[in-house]
Structures are given as C-alpha cells and as structure tokens.
Amino acid sequence: MTEGRPANDSQLILASASPRRRELLQQIGLRFRVVVAAVDESVLEGESPADYVVRLARAKALEVQQREDVSLPVLGSDTAVILDGDILCKPGSRDEAEAMLGRLSGNTHEVYSAVAVVAANGEVFDRLNITRVTFAELEPSWIRSYVDTGDPMDKAGAYGVQGRAAERISRIEGSFSGVMGLPLYETAELLETSRCYPRTCPQQSKRAPTA
C-alpha cells in the first residue's frame, strides 16, 4: 500500500498504516508517502518491552527500504502498552479488549514507543520513549460501552489516548504523541541525527541514547 504525496515531493517514507502516525508527521510539517510494512509482530520468548518495540520499529523501516529499493529515508515505529511487565498488544477479540481495559482500570502503566529511520545510505538509527499513563477506575458498563465503539480493536492496550478513553485518563507523565504512537520530540531529533530532517545538526552516533 502506497499513498500520500508524490514521490518527488516527499522527504521520507512512513512504514506504517496508522492514521495517527500520519497525522503526527503532518503536524510537524513533514512531506511523506506511506508504504505499509509487512512484518511479524509476535513477541519473542524472553524479549523485554524495550527490545520488542525497538526491534519492530527497525524491522518495519528495513522491510520497506529493502522491498521498495527506495532512495528516500524510511521511518518505522512501534508502540506497546506495558502493565506489570506484560506486553499488551492489540486485542484479538472483544473479550480480550474488555479484559485488557479491566487490567488497566485504576492502575498506572507504561507506553513504550520506538521510532527508527533507515537513512538513504542504509544506516539505521533509533530512539525510544517511555511514558507513564494512569487510568481512573473503569466501570464494567463504561468498558463495554467503549468497546462497542470499536476504537480499542486496532490499538495496543485496547485504547486510544486521542479518543474517548481520554475522559478516563487521570495522568500522563511523558509524551502525549508517544502514547498516540509516534513520539514527536524523539522523531524530530532522530531525523536530525540521521540527516533526514530539513534542518542540520552535528553527526551523532548510529544509535542515539534511549530514554
């Protein structure tokens, strides 16, 4: 799947089907086109949350760069909700979505959001953002009503911070855009580091420090 601006008007390729990531890149004025990555998003045995999201962000960007054989830099991203050490991915059913929201109710969890860029020369750069999110108590009737909207079904942890779930989030410590799926501070900094952004900065190490 490819969409967005014409190739000759684009600064980079977004390796994601997420409309939220498209909105966030548009928010900081980037011109891009979308080529959806095809990668297995299964968690590896013993894999830490940080390793999981960074690995997938890099894999998505690399898969598109290699498959499309493009000269533009490719940006990949991945987000996971972490509660009590468990990685809460996208729910596979209504029952699973309700169970996830029940676990998040009244608790503080972490959102790990990684971004990776494959530069035009093939080098790969990545960054990681970790944000803490606290939900108020979620009544079973509210959970059922929210799941009825369909919003939880394509989102890690079964909620979207930019939608109705926001009415029950009591505290966010970190990056709102990171919880949406693309931490904009880290994204802009990473694109500068990899010399993909329309500003200049000193060359830094291949992998920038993580949060």
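**View 1. Lining of the largest pocket in the predicted model.** By class, the residues lining the largest pocket comprise 18 nonpolar, six polar and eight charged residues. The structure shown in this and the following views is a predicted model. The volume of the largest pocket is about 570 Å³. Its lining consists of 32 residues, of which Arg20, Arg21, Lys90, Asp154 and Ala156 lie closest to the pocket centre. Two or more lining residues are contributed by each of α1 (19-27), α2 (49-68), β4, β5 and α5 (176-180). Strand β4 provides the largest share of the lining, with four residues.

**View 2. Overall organisation of the protein chain.** The protein chain contains six helices and eight strands. Along the sequence, these elements are arranged in the pattern β-β-α-β-α-β-β-α-β-β-α-β-α-α. The chain has 211 residues, and 52% of them count as buried. Among contacts in the chain with a separation of 6 or more, 67% are between residues 24 or more positions apart.

**View 3. Helix α3 and its buried face.** Helix α3 spans residues 94-104, and its buried residues are Ala97, Met100, Leu101 and Leu104. Viewed down the axis of α3, these buried residues fall within an arc of 95°, so they line one face of the helix. As a general rule, an α-helix has 3.6 residues a turn, so residues three or four places apart point the same way. The elements covering the buried residues of α3 include the strands β4 (74-83), β5 (86-88), β6 (108-118) and β7 (124-135), together with helix α4 (140-148). After α3 comes Gly106, which has a positive phi near 70°.

**View 4. Helix α4, with its buried and exposed sides.** The buried residues in α4 are Trp142, Ile143, Tyr146 and Val147. Seen down the axis of α4, they fall within an arc of 130°, so they line one face of the helix. The exposed residues Pro140 and Asp148 are carried on the face of α4 turned away from its buried side. Helix α3 is among the elements that cover the buried residues of α4. Just after α4, Gly150 adopts a positive phi of about 85°.

View 5. Tyr159 is located in the loop between α4 and β8 (169-173). Tyr159 counts as buried because its relative accessibility is 5%, and the cut-off for a buried residue is under 20%. Beyond residues up to four places away in sequence, Tyr159 touches Val81, Leu101, Leu104, His109, Val111, Val133, Phe135, Tyr146, Pro152, Ala165, Ile169 and Val179. Of these residues, Leu101 and Leu104 are buried residues of α3, and Tyr146 is a buried residue of α4. The side chains of Tyr159 and His109 are joined by a polar contact of 2.7 Å. Tyr159 and Val147 are twelve residues apart along the chain, and their C-alpha atoms are separated by 9.0 Å.

View 6. Lys60 is placed in helix α2. Lys60 is buried because its relative accessible area is 8%, against a cut-off of under 20%. With neighbours within four places in sequence left aside, the contacts of Lys60 are Ala15, Arg21, Ala37, Val39, Glu41, Gly76, Ser77 and Asp78. One of these residues, Arg21, is also listed with the lining residues closest to the centre of the largest pocket.

Methods
Residues numbered from 1 in each chain as written. Predicted model: local features only at pLDDT ≥ 70, side-chain atom pairs only at ≥ 80, totals over all residues. Heavy atoms only, no water. Buried < 20%, exposed > 50% of the residue type's maximum accessible area, 1.4 Å probe, protein only. Arc of directions from axis to C-beta. Contact = heavy atoms within 4.5 Å. Polar contact = N/O pair within 3.5 Å; in protein donor to acceptor, adjacent residues only side chain to side chain. 1 Å grid on protein atoms, 1.4 Å probe; cavity = no way out; pocket = protein on both sides within 12 Å on 5 of 7 lines; lining within 4 Å. Points joined across faces, edges and corners; volume = space filled by probe spheres on them. Nonpolar A, V, L, I, M, F, W, Y, C, P; charged D, E, K, R; others polar.
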